[in-house]
Amino acid sequence: MPMYKVRSFHGAPGAVRAEQLPTCMYRLQNLHRGPAAAAPPHQEEVDPSLLALESRQEEILKRLYELKIAVDGLSKMIQTPDADFDVTNIIQADEYAPLTASAADLDSMLGKDYGALKDIVINANPSQPPLSLLVLHSLLCERYKILSAVHTHSSVKCVPENLLKCFGEQTRKQSRHEYKLGFTLIWKNVPKPQMKFSIQTMCPIEGEGNIARFLFSLFGQKHNAVTSTLIDSWVDTAIFQLKEGSNKEKAAVLRSMNTTLGKTPWLGGNELTVADIVAWCALQQTSCSNAVPANVQKWMKSCENLAPFNSALKLLK
């Protein structure tokens, strides 16, 4: 006896006929009919924002190609730092005004005083005296009537006598309003020199090189872009390589200085600039000041023939 019965699929009433079963999984449109019977293909509309993006991309690629051509042209003109392009002629053609004849608009640089004395305040560490700022102070005294003062902060225990008298004997016999500029130096335990000329409204200018740049700008000298860039480069080189760099870096800087000073009497051209002041002071504070090339030695003597450099030399003794 069977366990269960299965309905017959063939011939019995209600049986599933073979022709009722599907002959394919799904139907497709007949592609073999004539052209007139074929359905028109479906065309999607292109988004206008995509067209705009494509146009913008093509424009950028075109500009990049033009820039590449321009850079390739420049690279053929100037391939190395020792290329034929020499800025010496541009520097020599720059017009200079002597320090004693030029002047800056102190009101535009330091702000209007409204009757108060414009006072530049510098904090410096006595263990690392900023010689360049002392040289610049002496040069400013030749141009402006300056009220100078030296103080000691409580963070410093002892300051050598020569640093306390770095501005000479200060005997003020006139009232403050008769001076053009105030210059106050505070010996303080700071990691690097700091300067302010508006105590309440400005952040300090930090670093001997940056302060030297600002103080020298008070002479009002104007230079073209090439000379200004060269001077800034020499200031950074003097601070970071000649003063703080390795022996190898110092030797490379001295060679570069010797080459430059073989063409012009000063590092920035035909007149003394802040680059000469900072570089000379950096040399004095390194161990290589006695072993320098011939052109550098001649330049150092030219600096020392000026009174402000001589006063800074006394501080090193």
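How many helices and how many strands are there in the protein chain? There are 11 helices and 5 strands, taken as DSSP runs numbered from the N terminus, with H or I over at least four residues for helices and E over at least two for strands.

Before we go on, this is a predicted model, so local features need pLDDT of at least 70, side-chain atom pairs count only at pLDDT 80 or more, and totals for chains, interfaces and linings use all residues. Residues are numbered from 1 along each chain as its sequence is written, and side-chain values use heavy atoms, leaving out hydrogens and water.

Let's look at strand 1, residues 119–124. Here 5 of the 6 residues are buried, meaning under 20% relative accessible area with a 1.4 Å probe and protein chains only. Strand 1 pairs with strand 3, residues 181–187, in the parallel sense over 6 bridges, and with strand 4, residues 194–196, in the antiparallel sense over 3 bridges; pairing takes at least two DSSP bridges between two strands.

Now the chain as a whole. Of its 317 residues, 35% count as buried. Among contacts (heavy atoms within 4.5 Å) with a separation of 6 or more, 74% come from residues 24 or more positions apart. The chain exposes about 21,300 Å², and carbon and sulfur atoms supply 54% of that, by the Shrake-Rupley method with a 1.4 Å probe, where for residues only the protein chains shown count as cover.

One last stop, friends: L50 sits in helix 1, residues 48–77.

Terms used:
Buried means under 20% relative accessible area, exposed over 50%, partly exposed in between (1.4 Å probe, protein chains only).
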